[in-house]
Amino acid sequence: MPKVMRVVGKVVGKVTIRDIGKDVYYNDVVDIQEADVLRSNDIIHAFKERWIDVIFGKELLDNHPRYSTPMNMNLGSRDGVNFNGDPTPEKLPAQPQFDVAGLISGLHASIREIIKSEMANNQSTTIINQTTASDPAAPTAVDHEQLATLIAGQLAGKLQVPAGNSDKAPAIDKESQNVFINLDDNTDLKSNMGDSGLGNVVESSDGKANDAIKRLSQLKKKDKSNE
Amino acid sequence: MNKKSDKQYPRKMGIGIDIGTSFINSATMVDEQVKIRSQRDAFFDVENDKFARNMLKQNGTSYIISEDEKLLYVVGQEALNFANVFKKEVRRPLRAGVISTREPEALKMIKMILKNVLGEPLEPGEICKFSVPAPPVDADYNVVYHENVLKSFVESFGFKAEPINEARALGYAELSEQNFTGLSLSFGAGMVNASLLFHGSPAVEFSVSRSGDWIDENSANAIGERAAKMTAVKEAGIDLLSPKNRHEEALVIFYKSLISYVVKQFERKLSTGDGIPEFPQPITVVLGGGTSLPKSFDVVFKQELEKVKMPFSIKEVKLASDQMFAVAKGCLYSAISEYDEEE
């Protein structure tokens, strides 16, 4: 099972996966730790809505308690249809596949052995400020496992992984609406439009307008009183 | 003066906006006068140099400067004019009814156009009803994303933004005498939206992903022409029962194909019978949107409708009294009625 899931932003702007505090910008690649993937409902929603795509580590989603198996879709309807109804722009030619998860796991094991070996070699060195385990001021012992995970994770972040699209079509799930799409409001474009108002102005006399508005109000009042 | 407030406002509280692939139309009201501000939702890029800026300024042409300041985006009707002069296509911030991700600056551009067309709210939190499409039955679009982005824009201008289905808004504008009961179809540029209403409540709402742009592109391909040219021919006025030249003939073929497609999709959608109310009387069908403007559109629609089976009787097929702006008006009436409700 991979330790991280790598995703890429698929919508213009920023997608915030709120329950794990991750921001994924358009065309940006983000790594999400296994624990975060498995505890997040919002990431499922973002994936199913196709606001993000999974580059690798999809197995984490498959094992997610809230992720249902995607429906099989007719390839004929999938091909040529994407967000804009145009041919999918990001299909890449076949990339050489390599087992990234296996690589990280192997890396992790190697690093652990290196750390253990180094610690064993250093035992002849005089340890400064050595205290007993019961001493509250005792420094925290080095956790080899944690250290190995940290180093392996950082090295994995530097690995180049070919981008690609998930072949499976996600099922639609609107249950979680907590994926927030944010836009950078501080960088508006400049223009010569000023405040005078854009476009042509047309004025028309609509004799039905007041009647329509009155009837709509009455309908709404009626709906509210029936609730 | 709006009854809700004692303040003297120049117009009634409440504003509507129809955000379409081809046009963005805002609607406000003073007494019984509806004021529509209409802006073509297209842009054309030219290189940003002193000559271009001076030329555009002299012509009174609105433009937006690209983020990297290398391009000027001519906005609106002028964009279409430029496209025709340079024999190129215009670019659209919205495509097929929803925000286009093929245009990286689409979001900022829509925001600028929206702000300019809407203007300032009369007071913070003024209700603005904006049109949104229903999810299409024949394509895979993210209309929820589209709706959320537009809502965030409109609210950033100081309004309280509330979405309203485009075809439903059309029904509010055109079916008041029928007590908001009937079938309304809005033929936009990117999509056709349909809403089956019963006393103002939607029974069935959906959209299809082809409409005016599909007609322009396919008719252009058929005769080796540009889509922008076909749009211009179409907007100059054609009669679907009497085309005059090969451009018009091509347009008519695809118009009929579109209408037939929409009617069949509607039949398919209703064939399950789920959620269809028992209409006590035959209902009115109203057609609106810019793509419904050609002469005899209602006649051709009626011909296609007669070929399919509907689970209700139809009294009449009529065109909206204001096909271009009916959706914006419906949004406006819905917004104003929120205030009247509170009296």
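Visitor: How many residues does the largest nonpolar core have?
Guide: This is a predicted model: local features need pLDDT of at least 70, side-chain atom pairs count only at pLDDT 80 or more, and totals for chains, interfaces and linings use all residues. Residues are numbered from 1 along each chain as its sequence is written, chains are lettered from A and ligands numbered from 1 in the order written, and side-chain values use heavy atoms, leaving out hydrogens and water. A nonpolar core joins buried Ala, Val, Leu, Ile, Met, Phe, Trp, Tyr and Cys residues through side-chain atoms within 4.5 Å, where buried means under 20% relative accessible area (1.4 Å probe, protein chains only). The largest such core has 43 residues.

Visitor: Which element gives the most to this core?
Guide: Helices (H or I, at least four residues) and strands (E, at least two) are DSSP runs, numbered from the N terminus. Several elements of chain B each supply at least two core residues, including β11 (182-187), α8 (246-270) and β14 (283-288). With 12 residues, the top giver is α8(B).

Visitor: Which strands are the edges of the six-stranded open sheet?
Guide: Two strands pair if DSSP finds at least two bridges between them. The order is β8(A)-β3(B)-β2(B)-β1(B)-β9(B)-β10(B), with mixed pairing.

Visitor: Which residue of β10(B) is the bridge partner of B:Phe130?
Guide: Strand β9 (126-132) of chain B runs parallel to β10(B), and seven bridges join them. The partner of B:Phe130 is B:Pro163.

Visitor: What angle does α10(B) make with β9(B)?
Guide: Helix α10 (326-340) of chain B packs on the sheet, touching β8 of chain A as well as strands of chain B, including β1 and β10. Axes are lines fitted to C-alpha atoms, for helices over the stretch in contact, and angles run from 0 to 180 degrees between N-to-C directions. Here the angle is about 145°.

Visitor: What percentage of chain B counts as buried?
Guide: Chain B has 10 helices and 15 strands. Of its 343 residues, the buried share is 62%.

Definitions and conventions: Buried < 20%, exposed > 50% of the residue type's maximum accessible area, 1.4 Å probe, protein only. Contact = heavy atoms within 4.5 Å.
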